[in-house]
Amino acid sequence: MPAIRIVHRTSLPASETWLRLTDWERQGAQVPFTRTIIDTAPPTRVGTAFTARTGVSRITFDDPMEVVVWRPPAEGGPPGLVRLEKRGRSVTGWAEIEIRPLTGGGTEVHWREDLRLRGLPRALDPVVAAAGRFLFGRAVARLLAP
């Protein structure tokens with residue numbers, strides 16, 4: 001599975017960073033040709049399910065995900081962490097977003113993702129990882145922009 005690792009620093013507090021990065025519909029809107037469909041009632045928690053649908057016209061693929069860890073950041077507590085399990089036919093693997101408050105203010109985001117696109121040869125893993133770093137890195141930057 002190609003590993004995607006992104007580290008991003010922001011001046012936003014951990015609580016605001018968490019809210020922005022776990023707004024699944026806004027997150028999906030940052031990825032080209034993608035929209036997010038929430039399958040469960042709010043609020044987000046363990047068991048929340050949603051699907052990122054990517055494509056143009058009738059050529060689409062779904063990336064259904066489920067929240068399996070939901071630990072918002074708390075002042076003085078451990079870093080915030082959300083873990084998503086990818087449960088699709090086309091896309092499998094997992095993603096984690098960790099929110100670490102920084103001493104003196106601001107936040108450091110650690111986005112980790114291991115994914116597999118079924119039917120794609122492993123020889124293309126480096127290309128998938130590079131595309132993922134670009135797309136998800138850009139999404140994080142946009143979601144956290146002032």
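## Contacts of Q30

In this predicted model, Q30 is in contact with R138, A139, R142 and L143, once its neighbours within four places in sequence are left aside. Q30 itself sits in the loop between helix 2 (24-29) and strand 2 (34-38), and its C-alpha is 7.3 Å from that of R142, although the two residues are 112 apart in sequence. Because its relative accessible area is 17%, which is under 20%, Q30 counts as buried.

## The nonpolar core

The largest nonpolar core has 24 residues, and those with the most contacts inside it are L21, V82, L84, I97 and I99. Several elements each supply at least two residues of this core, among them strand 1 (3-10), helix 1 (14-21) and strand 7 (107-117), while the largest share, 4 residues, comes from helix 3. Not counting residues up to four places away in sequence, L84 touches W24, F50, M65, E66, V67, G93, W94 and A95.

## Salt bridges

The structure holds 14 salt bridges. In one of them, D114 pairs with R5, the closest N and O atoms being 3.4 Å apart; D114 lies in strand 7 and R5 in strand 1, so the pair ties together parts that are 109 residues apart in sequence. D114 is buried, with a relative accessible area of 14%, whereas R5 is partly exposed at 42%.

The side chains of D63 and K86 also meet in a salt bridge, at 2.8 Å from N to O, and this pair links strand 4 with strand 5 across 23 residues of sequence; both D63 and K86 are buried. Elsewhere, R83, E85, E96, E98, R100 and R112 are linked in a network of salt bridges.

Note on methods. Residues are numbered from 1 along each chain as its sequence is written. This is a predicted model: local features need pLDDT of at least 70, side-chain atom pairs count only at pLDDT 80 or more; totals for chains, interfaces and linings use all residues. Side-chain values use heavy atoms; hydrogens and water are left out. Buried means under 20% relative accessible area, exposed over 50%, partly exposed in between (1.4 Å probe, protein chains only). Contact means heavy atoms within 4.5 Å. A nonpolar core is a set of buried Ala, Val, Leu, Ile, Met, Phe, Trp, Tyr and Cys residues joined through side-chain atoms within 4.5 Å. A salt bridge is a side-chain nitrogen of Lys or Arg within 4 Å of a carboxyl oxygen of Asp or Glu.
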